[in-house]
Amino acid sequence: MIRIAAVGDLHYGDGSPDILRPSLQHLPDRADLLLLAGDLTRCGGPKEVQVLADQVRDLTVPVVAVLGNHDYHADQEDEVRRVLERAGVTVLEGGAVALDVDGVRVGIAGTKGFGGGFRGAHGSDFGEPEMKAFIGHTKMLSDRLEQALTALDADLRIALLHYSPIEATLEGERLELYPFLGSYLMAEAVDNAGADLVLHGHAHHGSEKGRTPAGIPVRNVAQPVIRHAYNVYTLDANRQVLPAAAGGIS
Amino acid sequence: MTEERADYLPEHIREKLIHDPRVSEQDLRVEVREHRVLLGGNVATPQLRQTITEVATEMLPGYEIVNETSVVPAAEPDGEEPVS
């Protein structure tokens, strides 16, 4: 059984108190890896993310992260990424990593993802250049996610996102915001490639649990949703996983 | 203040709070009643909650700031969830 600790939307500010610190002491006893689902900072400042980097630096479990929209706000996302990487965090954007956890190969494909909406009401890359750029960005990131997941050689595969791939984990948010909270294109990518679990953040007023149309479990781990320092999900590496094309995972 | 300004004031306050680097919080609810500004939503820390009151007071002289935001708990989880 692989234990995955996950949280997103920690929103560290420069000099803000560390939310995770008291809980991190026990995390290695409770989980095999820690996944961070973006929005690690308030304004995307390298000093802000340094607070988090200092806390996870000495963790004895692997830490894998994606960035969120807040982490891009200061146009210093590359430096934010470097601060995390210097602390030993693997930061994914369109790529993947495979970790050996007690002999089980756990693969994580990650992307920030982006918005657009959901089936029946998704934006199109049609019309003004701004609209083409908006939806084009989501399409590009979703394509990369599918490629990264497909290429993963692992016993368990996890998609780590910031934006939501499904509507169910947005329940509680205002409907008008849905196009800015996620896109079905990421769910389609995950369903095409197959995965055991999808984690995302971003939707602070959403719900924790849902599934993709093919049945892959999705968890919204935004800290205001889970209302803990992190949640722990366990995955059984020995269970029979059906390919998505055969009707999904149950 | 014109009637139109009153209609849009809560959104202007919300935008200013999002763009103030001391706050940068996108999930605040803002309501204006006469000369009282009610702020709601979730915040990560007691410090941020206090900062929001200070920034709103500085931003809106002459208004009473009623900060009804809640600090989200962040203790360790009680258990774990098997996912399949």
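Two strands are said to pair if DSSP finds at least two bridges between them, and strands (E, at least two residues) and helices (H or I, at least four) are DSSP runs numbered from the N terminus. In this predicted model, local features need pLDDT of at least 70 and side-chain atom pairs count only at pLDDT 80 or more, while totals for chains, interfaces and linings use all residues. Residues are numbered from 1 along each chain as its sequence is written, and chains are lettered from A and ligands numbered from 1 in the order in which they are written.

S9(A) joins S10(A) (residues 217–220) in the antiparallel sense over 3 bridges, with A:Lys209 opposite A:Arg219.

Next come two helices of chain A. H5(A) (residues 129–151) and H7(A) (residues 184–193) pack at an angle of about 20°, with their axes 9 Å apart; axes are lines fitted to C-alpha atoms, for helices over the stretch in contact, and angles run from 0 to 180 degrees between N-to-C directions. The two helices are therefore roughly parallel, a term for angles under 35 degrees.

Finally, the chains meet: 18 residues of chain B are in contact with 26 residues of chain A, contact meaning that C-beta atoms, placed from the backbone, lie within 7 Å.

Notes
Two residues are in contact if their C-beta atoms, placed from the backbone, lie within 7 Å. Angles under 35 degrees count as roughly parallel, over 145 as roughly antiparallel, 65 to 115 as roughly perpendicular and the rest as oblique.
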